[in-house]
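User: Can we go through this model together? I'd like to talk about helix packing, then the domains and the ligand.

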Amino acid sequence: MTKYGRSPWLDAFPTSRVPAYPRHRGDMQTEAVVVGGGLTGCTTAYAFAAAGLKVLLLEADQIGRGATAYSSGWIAEEPGVAFADLEKAVGLRGARYAWQVWRRAALDFISLLRRLDIKCHLEERGSAIVAATTEQAARLKRDQKARREAGFDVSMMNPLAIKTDLGLDASAAIRSKHGATLDPYRACVGLAAAAADRGAVLSERSPVRKITFNRKIATVMTANGRIRTRRVVVATGMPTPLFKALARHFWFHTTYAVQTEPVPAKIRQQIGFGRPARASRSTDVVRDSAQPPHIIRWIDDDRILITGADSEAIAPRLRDKVIVQRTGQLMYELSTLYPEISGIRPDYGWAADYARTAEGLPYLGPHRNYPHHLFAFGDSSRSVTGAYVASRVLLRHHSGELDRGDDVFGFHR
Ligand SMILES: Cc1cc2nc3c(=O)[nH]c(=O)nc-3n(C[C@H](O)[C@H](O)[C@H](O)COP(=O)(O)OP(=O)(O)OC[C@H]3O[C@@H](n4cnc5c(N)ncnc54)[C@H](O)[C@@H]3O)c2cc1C
């Protein structure tokens with residue numbers, strides 16, 4: 001039976017090892033409060049604590065059970081928007097800076113997870129953006145040209161290499177060497193534990209109800225206490241009712257994901273891509289150039305995970321029905337890319353909500369109407385790299401050591 005609306009990462013995690021942090025109680029004072037215990041909040045709490053700051057993280061529910069647990073677990077080295085489109089939206093300097101920040105972040109995120117020895121099935125993997133249609137090929141060529149003109153190396157794959165390495169019939173692809181796949185829930189609870197080791201205080205089941213501020217200080221209120229602080233980092237993924245006024249900066253969407261049952265070895269061999277026996281596993285995440293794109297990766301070397309089929313944000317009452325419909329759609333779309341998998345069944349089908357900005361880059365930083373606040377909203381990069389990017393940019397904002405290019409992530413870029 002297909003499990004709908006559930007996260008395979010959560011299901012695979014032993015219940016006895018699910019971390020438990022106490023509810024927040026009482027009045028206190030701290031240097032920084034992080035609101036939201038997803039991958040962004042936990043990575044940021046770790047970065048702040050590692051920089052020697054006194055930090056408190058407040059999670060409304062439990063650590064890592066928001067969008068994080070419903071992502072595909074890909075550390076990509078690109079921000080998920082075509083370079084040519086980004087250049088048009090924010091200019092050459094901004095696009096180039098965003099690209100460099102993302103690439104650096106992917107590499108640093110991988111080394112951080114290794115250094116902290118976080119057991120999250122981290123595996124370094126390259127990726128490829130493929131063009132399956134003539135129109136997609138034209139877009140990819142345009143992007144290749146824009147990247148080259150901006151001074152980036154672009155490694156293209158020809159149809160033969162695409163067929164051999166990825167098992168796909170496509171006319172062009174851009175290959176990226178760096179990146180990784182992981183279990184996003186394990187990464188998140190690991191980073192939460194690492195933040196706690198560095199002295200961060202974590203509280204679960206402690207939704208922030210209200211935040212007030214004056215010129216000097218902000219006060220964060222939960223049901224059982226209040227925290228006075230100089231800094232509030234809002235890492236809830238998108239504006240919650242606490243920040244309704246900021247919703248106008250975003251479009252709200254839902255994306256879908258499917259994990260298949262194990263694919264028999266014979267079919268895996270026919271497909272080629274991700275084949276465990278292959279000597280060089282250079283390209284194991286495939287992203288097509290459809291709009292919205294599909295991301296395809298292997299899990300445990302024998303199951304396929306595909307995301308895509310995005311829609312406008314769906315109403316809660318329709319959610320169950322739409323997830324079933326989109327699971328079928330994604331399986332069909334997967335079979336058009338890989339006809340060999342026809343007949344393979346979906347084990348899981350689920351949805352995740354997100355907010356997207358006009359330019360496709362997240363907003364990371366302050367907003368003039370909210371003194372003492374820093375926000376991390378609107379990552380639509382389809383990879384978890386944005387969580388690490390946010391932690392670095394927000395720490396730079398907090399310590400007043402901004403890089404000149406960081407304004408490309410600002411609300412008023
Ligand atoms: C369109 C899209 C596609 C994506 N696709 C992929 C993909 O294919 N692969 C991939 O690896 N990643 C993907 N991601 C990225 C991934 O989902 C996230 O970037 C990453 O997991 C970080 O999540 P987060 O911490 O920002 O949000 P979340 O994990 O949602 O964390 C936010 C937390 O804030 C808490 N919260 C909310 N309100 C309050 C409150 N008032 N008080 C306290 N806590 C509160 C919530 O309970 C939640 O735990 C995608 C993202 C988007 C937008």
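Predicted model: local features only at pLDDT ≥ 70, side-chain atom pairs only at ≥ 80, totals over all residues.

User: What about H2 and H6, at what angle do they cross?

Analyst: The axes of H2 and H6, the helix of residues 184–197, cross at roughly 25° and come within 8 Å. That angle makes H2 roughly parallel to H6, and H2 passes H6 in a left-handed crossing.

User: Which residues meet there, between H2 and H6?

Analyst: From H2 the residues are Leu39, Cys42, Thr43, Ala45, Tyr46 and Ala49, and they meet Pro184, Ala187, Cys188, Leu191, Ala192, Ala194 and Ala195 of H6. Sorted by class, the contact of H2 with H6 has 12 nonpolar residues, one polar and no charged.

User: Switching topic, how is the chain divided into domains?

Analyst: Domain 1 is made up of 6–71 + 185–249 + 359–409, and domain 2 of 126–178 + 251–356. Taken over C-alpha atoms, the centres of domain 1 and domain 2 are separated by 30 Å.

User: How many residues of each domain are in contact with the other?

Analyst: In domain 1 there are 12 residues in contact with nine residues of domain 2. The side of domain 1 that touches domain 2 has five nonpolar, five polar and two charged residues.

User: Last one: what surrounds the ligand?

Analyst: The ligand is surrounded by 39 residues, of which Gly36, Gly38, Gly66, Ser71 and Tyr354 are the closest. Two or more residues of that shell come from each of helix H2 (39–50), strand E13 (225–237), strand E18 (346–356) and helix H9 (385–399).

User: Which domains does the shell draw on, and how does it divide by class?

Analyst: Domain 1 and domain 2 each contribute at least three residues to the shell around the ligand. By class, the shell has 16 nonpolar, 18 polar and five charged residues.

Notes: Residues numbered from 1 in each chain as written. Near = placed C-beta within 6 Å. Helix = DSSP H or I, 4+ residues; strand = E, 2+ residues; numbered from the N terminus. Nonpolar A, V, L, I, M, F, W, Y, C, P; charged D, E, K, R; others polar. Domains from an automatic or database assignment. Contact = placed C-beta atoms within 7 Å. Axes fitted to C-alpha atoms, helices over the stretch in contact; angles between N-to-C directions. Parallel < 35°, antiparallel > 145°, perpendicular 65-115°, else oblique. Left-handed = near helix turned anticlockwise from the far one by under 90°.
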